[in-house]
Amino acid sequence: MTKRLLPFLASAAALAAVAATAVAAPGTTSASCPTVTDGQLTIGTDNPAFPPWFGGGTKTSKWKINDPATGKGYESAVAYAIAKRLGFGKSQVKWTFVPFNKSFAPGSKSFDFDINQISITPARAKVVSFSRPYYDVNQAIVVNKGTKIATVRGIRGLARYKLGAQLGTTSYAFIKSQIKPAQQPAVFNSNATAVLALKNKQIDGLVVDLPTAFFVTAVQVPNGKILGQFENKGKTTDHFGVVLAKGSPLTACVNRAITSLRANGTLKRLQQLWLAKATGAPILK
């Protein structure tokens, strides 16, 4: 859902220093890596928690679709991998519901970090702190089979149709800046309502990140198809990062964890495990 430019690339010297930094022992909170609640890591995400980002179903009525505490799904698995690098065991991680748009709104935070397919953008980075990226993502468009838009093979051909995306996402920004449709794009407060609009043919096409597009077509819109994905390059490069309160000292700790997880292949392994199906969609140019 999605997301944009990243000004947070470290130098080789900085990365070497990061690698040499030790993490806190399990059950402790380092003075340089403080958390909202001592001895606990509080992680925020939206509700429902959709696959392939979260999985394993629910055990209580608190969470819809999936309980993020299962450790299943790409973002849940990444969150626990970060927690482990910070010195927190699974039982010390607490998940809390945070609406998508509220996660990167200005102000204090009730969470230590939020993970919810949130793209790193300069505008958002003015009011919150972002980690280094844990996922590099393409945007994609989902349509209904048998409709006129389903025959389109390039970006220019999309301009005549009614498109939609979730409010506040870079999917919406992508529609405006790259597709530039003749009609004003429709915006929705949640991805669920956007999907329903597509299913009911209130919009011709829905722009979302690629893994989410696979879930939409596999589960939410049985007659849906991924028309294609868009190249992720130049100004359209999109990265997901975890969100922290602006200036949070925990940011450096999370960055060290993600740098390590990328370097040792953990992120790649988790992507292969949970996002492997999100490949093969044709590229629209």
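Me: At what angle do H2 and H8 pack, and how far apart are their axes?
Reply: This is a predicted model, and in it H2 and H8 pack at an angle of about 110°, while their axes lie 9 Å apart. Since angles of 65 to 115 degrees count as roughly perpendicular, H2 is therefore roughly perpendicular to H8.

Me: Is the crossing left-handed or right-handed, and which residues make the contact?
Reply: H2 and H8 cross in a right-handed sense. On the H2 side the contact is made by Ala 81, Ile 82, Arg 85 and Leu 86, and H8 contributes Leu 250, Cys 253, Val 254, Ala 257, Ile 258, Ser 260 and Leu 261.

Me: OK, on to H9. Which of its residues are buried?
Reply: In H9, which spans residues 266-274, the buried residues are Thr 266, Leu 267 and Leu 270. They sit on the same side of H9, because the arc they cover around the axis is only 95°.

Me: And what do those buried residues pack against?
Reply: The buried residues of H9 pack against helix H2 (74-86) and also against helix H8 (250-263). On the other side of H9, Lys 268 and Gln 272 are exposed.

Me: Changing topic, what is the average pLDDT of the chain, and where is the pLDDT below 50?
Reply: The protein chain has an average pLDDT of 88, with 87% of the residues scoring at least 70. The pLDDT is below 50 over residues 2-28, a stretch that has 62 contacts in the model beyond near neighbours in sequence.

Notes:
Residues are numbered from 1 along each chain as its sequence is written. This is a predicted model: local features need pLDDT of at least 70, side-chain atom pairs count only at pLDDT 80 or more; totals for chains, interfaces and linings use all residues. Side-chain values use heavy atoms; hydrogens and water are left out. pLDDT is the predictor's confidence in each residue, from 0 to 100. Contact means heavy atoms within 4.5 Å. Buried means under 20% relative accessible area, exposed over 50%, partly exposed in between (1.4 Å probe, protein chains only). Helices (H or I, at least four residues) and strands (E, at least two) are DSSP runs, numbered from the N terminus. The arc is that of the directions from the helix axis to the C-beta atoms. Axes are lines fitted to C-alpha atoms, for helices over the stretch in contact, and angles run from 0 to 180 degrees between N-to-C directions. Angles under 35 degrees count as roughly parallel, over 145 as roughly antiparallel, 65 to 115 as roughly perpendicular and the rest as oblique. A crossing is left-handed if the near helix is turned anticlockwise from the far one by less than a right angle, and right-handed if clockwise.
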